[in-house]
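Hello,

Here is the structure I promised to pass on.

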Amino acid sequence: PTSAQVSAVPQPGRFRYTLDNNVLTTEQRQFYEDNGYLLIKKLVSDEDIERFRKEFIRICKKEVNPPGAMTMKDESLRSQYGQSEKVINKVQDFQEDEELFRYCTLPEVLKYVECFTGPNIMAMHTMLINKLPDSDKQTFLHPMHQDLHYFPFRPAELIVCAWTAMERADQNNGCLIVQPGTHKEPLKPHGYPEWEGKTNKLFHGLLDEDEKSPRVHVVMEKGDTVFFHPLLIHGSGINKTSGFRKSISCHFASSECYYIDVKNTTQEHVEKELVDMLQKKYNMPSMELRDIWHFRARLVQGERINL
């Protein structure tokens with residue numbers, strides 16, 4: 001298939017977005033069906049979160065350097081703080097870091113993931129986000145967006161993000177903001193918002209945002225995990241505190257999903273930007289978006305079929 005339009009895969013019966021098993025209650029399934037996200041309280045242990053935090057610090061200090069991982073920094077702070085967590089706002093693609101990748105294999109997380117993807121599960125996209133205190137020069141506000149904009153695989157119904165708070169997340173330190181029900185809408189055009197000097201690389205946002213659409217601030221305690229659909233419109237606010245707001249996340253997909261060609265679609269410019277960036281970083285010859293994702297993808301349960 002060459003179209004980047006979302007193909008709907010209706011599930012039999014009343015539920016389109018969740019699969020039949022005994023994990024979710026009918027009420028939980030209906031909530032996800034209506035809203036496109038579901039919060040599970042205290043899913044990940046304090047002990048695991050502490051291990052992830054320590055590994056993040058090691059990466060910040062360059063004590064470990066996982067292959068393929070991208071660390072995103074606020075360059076304006078580097079002269080002040082050097083290599084430390086006060087500079088790094090994100091570690092992306094940590095699939096080769098065994099300690100952080102443990103998150104993607106936690107049985108308590110996969111138990112819920114399977115409700116959306118089925119038994120053959122790929123970890124596709126991994127991130128540890130360290131939302132820095134906001135400064136005048138740079139803001140870590142993430143514009144409202146749909147994650148499917150970045151993904152060259154379908155169907156959307158068999159993809160889910162698990163996002164775990166590593167400490168309390170609320171309106172003060174920039175918690176997730178979601179627009180309930182927008183997972184039922186198509187993939188919309190994205191680009192860089194017109195914020196003077198305040199956009200982060202690849203932090204694309206909706207070009208035509210509905211300001212009137214209801215929004216929910218997802219307040220979470222440490223260990224709480226939210227699962228959400230890749231078409232759900234979401235973002236996060238700025239961190240108005242002096243501390244950091246850490247979270248760890250993985251986008252999971254059924255290995256039965258398939259890659260699509262994004263040329264001549266609204267996703268074409270993502271491919272160009274990402275390919276250019278990685279060709280410069282790794283001095284690689286020509287590649288396509290699917291090559292990048294093939295490298296990122298790791299099987300965590302069941303059988304690897306397409307991805």
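To start with a question: is glutamine 95 buried or exposed? Glutamine 95 is buried, with a relative accessible area of 2% (buried means under 20% relative accessible area, exposed over 50%, and partly exposed in between, using a 1.4 Å probe and protein chains only).

Before going on, please note that this is a predicted model, in which local features need pLDDT of at least 70 and side-chain atom pairs count only at pLDDT 80 or more, while totals for chains, interfaces and linings use all residues. Residues are numbered from 1 along each chain as its sequence is written, and side-chain values use heavy atoms, with hydrogens and water left out.

Back to glutamine 95, which sits in the loop between β3 and α4. Helices (H or I, at least four residues) and strands (E, at least two) are DSSP runs, numbered from the N terminus. Not counting residues up to four places away in sequence, glutamine 95 touches Phe101, Thr126, Phe295, Arg296 and Arg298, where contact means heavy atoms within 4.5 Å.

Now the overall picture. The protein chain has 7 helices and 16 strands, and 56% of its 307 residues count as buried. Among contacts with a separation of 6 or more, 82% are between residues 24 or more positions apart.

The largest nonpolar core has 39 residues, of which Tyr103, Cys104, Val109, Phe227 and Phe252 touch the most other members. A nonpolar core here is a set of buried Ala, Val, Leu, Ile, Met, Phe, Trp, Tyr and Cys residues joined through side-chain atoms within 4.5 Å. Elements that each supply at least two residues of this core include β1, α2 (46-60), α4 (98-105) and β14 (245-254). A second, separate core has 29 residues, among them Leu158, Cys257, Ile260 and Trp293. Valine 109 is in contact with Leu43, Val44, Tyr103, Ala162, Phe227 and Phe252, leaving aside neighbours within four places in sequence.

Serine 249 lies in strand β14 and, at 2% relative accessibility, counts as buried. Beyond its neighbours within four places in sequence, serine 249 is in contact with Phe94, Tyr103, His125, Thr126, Met127, Cys161, Ala162 and Trp163.

Taking a disulfide as a pair of cysteine sulfur atoms within 2.5 Å, the count comes to 0 disulfides. Cysteine 104 is in none, and the nearest cysteine sulfur, that of cysteine 250, is 3.6 Å away. Cysteine 104 is buried at 0% relative accessibility, and cysteine 175 is buried too, with a relative accessible area of 1%.

Next, a helix pair. The axes of α2 and α4 are 9 Å apart and the helices pack at an angle of about 145° (axes are lines fitted to C-alpha atoms, for helices over the stretch in contact, and angles run from 0 to 180 degrees between N-to-C directions). Asp48, Arg51, Phe52, Glu55 and Ile59 of α2 make the contact with Glu99, Leu100, Arg102 and Tyr103 of α4.

Lastly, helix α1 (residues 26-35) has Arg29, Tyr32, Glu33 and Asn35 buried. Their cover includes β1 (37-40), α5 (107-117), β7 (159-165) and β12 (225-228). Just after α1, glycine 36 takes a positive phi of about 85°.

Best wishes
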